[in-house]
Amino acid sequence: MSITPEALEQEFSLQTAATRLDFLSRRDSGATTLNTVSDDGDDWSTLLDGGTSLDVPESLELLALGEVIARKAHDSQLVGFRAALRGGASWEQIAAALDVTPAEAWTAFHAAIERQERAAALAPDEAASARELAGARPGA
């Protein structure tokens, strides 16, 4: 199996990916031997001396899982935007939740709509409805 975000994205839900990422992160000892290569062969007793660290496949998995989580979280952003807007949140409130300006939040919402449209995850009528929900650009 190739360790890529695409391969892992099919295998893990967001929650499972986050749990596995946390597990691998905690297993890495971060010892002072960081950034050095060690060839201890097949002697498992060396693990007792230096603590636990990740092997190459695990470290690649850790990197790929971080990307999977970022992508899944990014994809769910449109759901959050729409729910907040339907609930009556202002662009100022949404911007505060994202730690950006209201205009940047509005732009991010429209970018999320466009991404979902290109991926065919959002039908044209749904995209138009989402744009209408957004209203005018704040500060415009």
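Author: Let's start with the whole chain, then zoom in on the meeting of H5 and H6 and look around from there.

First, some ground rules. This is a predicted model, so local features are reported only where pLDDT is at least 70 and side-chain atom pairs only at pLDDT 80 or more, while totals for chains, interfaces and linings use all residues. Residues are numbered from 1 along each chain as its sequence is written, and side-chain values use heavy atoms, with hydrogens and water left out.

The protein chain has seven helices and zero strands, where helices (H or I, at least four residues) and strands (E, at least two) are DSSP runs numbered from the N terminus. Read along the sequence, that gives α-α-α-α-α-α-α. Mean pLDDT, the predictor's confidence in each residue on a scale from 0 to 100, is 86 for the chain, with 82% of its residues at 70 or more. Among the elements, H5 has the highest mean value, 96, while helix H3 (residues 46–50) has the lowest, 51. Of the 140 residues, 22% count as buried, meaning under 20% relative accessible area; over 50% is exposed and in between is partly exposed (1.4 Å probe, protein chains only).

Now the close-up. The axes of H5 and H6 come within 8 Å and cross at roughly 85 degrees; these axes are lines fitted to C-alpha atoms, for helices over the stretch in contact, with angles running from 0 to 180 degrees between N-to-C directions. The two helices are therefore roughly perpendicular, the label for 65 to 115 degrees, with under 35 being roughly parallel, over 145 roughly antiparallel and the rest oblique. On the H5 side the contact is made by Trp91, Glu92, Ile94, Ala95 and Leu98, and on the H6 side by Pro102, Ala105, Trp106 and Phe109. By class, that contact has eight nonpolar, no polar and one charged residues (Ala, Val, Leu, Ile, Met, Phe, Trp, Tyr, Cys and Pro count as nonpolar, Asp, Glu, Lys and Arg as charged, and the others, Gly among them, as polar).

Two of those residues also show up in the ring search. The whole structure has three aromatic pairs, that is, rings of Phe, Tyr and Trp (its six-membered ring) with centres within 6.5 Å, called stacked under 30 degrees between planes, edge-to-face over 60 and tilted for the rest. Trp91 and Phe109 make a tilted one, 5.8 Å centre to centre with 50 degrees between the planes. This pair links distant parts of the chain: Trp91 belongs to H5 (residues 91–98), Phe109 to H6 (residues 102–118), and they are 18 residues apart. Both Trp91 and Phe109 are buried, and together with Phe81 they form one aromatic cluster.

Ile94 is another H5 residue to look at. At 6% relative accessibility, Ile94 counts as buried. Leaving out residues up to four places away in sequence, Ile94 touches Phe81, Ala84, Leu85, Ala89 and Ala105. The C-alpha atoms of Ile94 and Ala84 are 7.3 Å apart, though 10 residues separate the two along the chain.

What about the loop between H5 and H6? Asp99 sits there, with a positive phi of about 60 degrees although it is not a glycine. Asp99 is exposed, at 71% relative accessible area. Ala120 also has a positive phi, near 60 degrees, and belongs to the loop between H6 and helix H7 (124–134). Ala120 is exposed as well, at 67%.

Further along H6 is Gln116, buried at 16% relative accessible area. Beyond its neighbours within four places in sequence, Gln116 contacts Asp75, Leu78, Ala121 and Leu122. Finally, His74 lies in helix H4 (residues 56–86) and is partly exposed at 38%.

Key: Contact means heavy atoms within 4.5 Å.
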